[in-house]
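Let's take a friendly first walk through this structure. Have a look at it below, and then we'll go through a few spots together.

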Amino acid sequence: MRGITKFVITDILKNRIILIYTIILCVFSWSIFSLEDNTSKGIMSLLNVILLTVPLVSIIFGNIYMYNSAEFIELLVSQPVKRSAIWSSLFLGLSLALNTSFFIGIGLPVLLFVPSMTGVTVIFSGMLITTIFVSIAMLCAILMRDKARGIGLSIMIWLFLSLIYDGLVLFFMFQYADYPIEKPMAILAAFNPIDLARIQVLLQVDVAVLMGFTGAIFKKMFGTSVGLIVSLMIMLLWIVLPYLLSLRLFNKKDL
Amino acid sequence: MPVNTQKYFMWLLMVLFIIPLAHSRTLHVGPNKEFKQIRSALLSAQDYDTVFVYHSQYKEGNIVINKKIVMIGIDLPVIDGDKKYEVVSIKSDSVTFRGFQVQNSGFASLNDPGGIKVYDASNIIIEDNVLENNFFGIYIQYGKHCLIRNNRLKAYGLEEQQIGNGIHCWKSDSLQIIGNHIEGHRDGIYFEFVTHSIVWRNISKLNIRYGLHFMFSNNDAYINNMFDENGAGVAVMFTKHVVMYSNTFQNSTGDASYGILLKEISDAEIRGNRFINNTSALFLEGANRILIHKNVFHGNGYSLKIQANCMDNEVYQNNFINNTFDVSTNGSLVLNTFNHNYWDKYEGYDLDKDGLGDIPFHPLSLYSVIIENNPIAMLLFRSFMVTLLERTEKLIPSITPEEFKDNAPVIKPYLL
């Protein structure tokens, strides 16, 4: 299993795309922090990258990589290796590679310029999001045999989670504004990993406003240590569930 | 002869003036001095005497100073009210009270006992004292020309009802409150019907309610004070002609907490203050003709909450940096002007390089208006959808009032 993981990582690193991804993230975060002396504003700009670009790249890259290694997987399956070992090494390799490039590209500059709880939260949520979308990408790859449909599905999922979901929540919020919808809305938001990541960063950056009336429910739901643990658990579930599902499908799949 | 008479008369006058002074004595109170008790020294003291009190613990109930004397504590003698009495009551004009530790006053909400309470007197000096664990710290009632300087007040109140104010002034005039340090009281400094007074270089922090609270107190100045982590910040109400220069208002976070809450204030000037990390830095309600300029708003939830019943206020040359929302309001009426402020959220350009942005800035955030009515919408703040909404609204205001704008925002922050 370690051998396969190692192979996957070196294979990905040989692929120039991940290098370019790292460099782009690097250029982006360094330029944000060096042009802007206001680090909190910089964090906000980076947050948009983390919430939009990082999941997109993770899901598309992961997905295409899975399709491209179809022959490699077939080769491995013919060897005396457990299928679950193959699948988990693929997952490990992909998420390690993408997380490394995220950490180098965004993590290091953030740690340098914003060495606080806010910075750590940003990095941590970015890495969780990367892993979640790798996991979803693998599920998409196993669900669709056809490459075009698989990539299409991944793009749809990305679009749904990062844009449409918030739009829907906003719509419901205004539709049912006259009802006590605080709890359902908070639960609804908690189902989306991107929203969860954003809320955790929000709790660090906009502390002052959240101490007021508007943030009361908010803080009670997400700001307590219980809230933090619950959001972390949900994010972990977003990694584990798609992965386990895809593993089951892979184990049964007739290649 | 007439010249000579005049000369004698002058001499006589001088002698008459000096005699009472020459008769003034110094009295010493201490464990091995002529007086063992402050009370007995006060009994035999006369106007213009000086009483030196040496270090010891004095538990003598209520000490009443009703003569024009100077009381000086040496090595911080402790006067203890035993949690029953008002500790020191000053009931004469021209008293100086310096260098004591006054502690453990009684608690009563009927007559408001204080550590040091001044009744209807003028020209009082209270300085360099330490006040520990009193109900009210220093209480001035009908005082005139009093100086309260360099005192340290500390109380350990837990609830609003169970503790009095640090420096409480009522129906007074021409007070100077300088360099005091107040902690743990209900209101740090409380003014009601106090006029022509100055509050300068005080530190008021960790008070349960307000750091500074004044009502019906016209023509006062608040300069270089620090208000930190008070339960609800600073509240100023029903007052005209106050100036607030170079104060720092910080860490007032909480539901109904404000850096400054202005209610029914007119003709005031708020200049050069720093508002840092408050839930609402400056809240204006029924405030008219106020000049707000050269202030720094940094890291607040809301910088300015201007209610629609405010009129003719001018907000100019301020720095707005790192605030979640710069301005919010509750209506569509705009009767205040914004000009030449620095907004870190401004994204305009300056083609003619005159340092002023060429397109106006709309400081009112759409989402702050939405959140006012719909607090749970905060859940989606800073999401892509909401950012999109905000951008569109800033370019083409439809829900927020169009005239609510800074016509010429500056490009670079002021050095404040």
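Let's start with Gly105(A). Leaving aside residues up to four places away in sequence, Gly105(A) touches Thr22(A), Leu25(A), Cys26(A) and Ser29(A). Keep in mind that you're looking at a predicted model.

Where does Gly105(A) sit? You'll find Gly105(A) in helix H5 of chain A, which covers residues 83–113. Gly105(A) counts as buried because it has 23 C-beta neighbours inside 10 Å, and the cut-off for that label is 20 or more. For a sense of distance, go from Gly105(A) to Met221(A): they're 116 residues apart in sequence, and 32 Å apart in space from C-alpha to C-alpha.

## One face of a helix in chain B

Now hop over to helix H3 of chain B, residues 366–373, where Tyr367(B), Ser368(B), Ile370(B) and Ile371(B) are buried. Looking down the axis of H3(B), these buried residues fall within an arc of 160°, so they line one face of the helix.

What do the buried residues of H3(B) pack against? Their partners, also in chain B, are strand S34 (302–306), strand S37 (325–328) and helix H4 (384–395).

## Where the chains touch

Chain A puts 35 residues into the contact, and chain B puts in 29 residues. On the side of chain A that touches chain B, the elements giving two or more residues include helix H3 (39–68), helix H8 (182–190) and helix H11 (216–223) of chain A. The largest share on that side is the seven residues from H7(A).

Note on methods:
Residues numbered from 1 in each chain as written. Chains lettered and ligands numbered in written order. Predicted model: local features only at pLDDT ≥ 70, side-chain atom pairs only at ≥ 80, totals over all residues. Helix = DSSP H or I, 4+ residues; strand = E, 2+ residues; numbered from the N terminus. Buried ≥ 20, exposed ≤ 12 C-beta atoms within 10 Å, placed from the backbone. Contact = placed C-beta atoms within 7 Å. Arc of directions from axis to C-beta.
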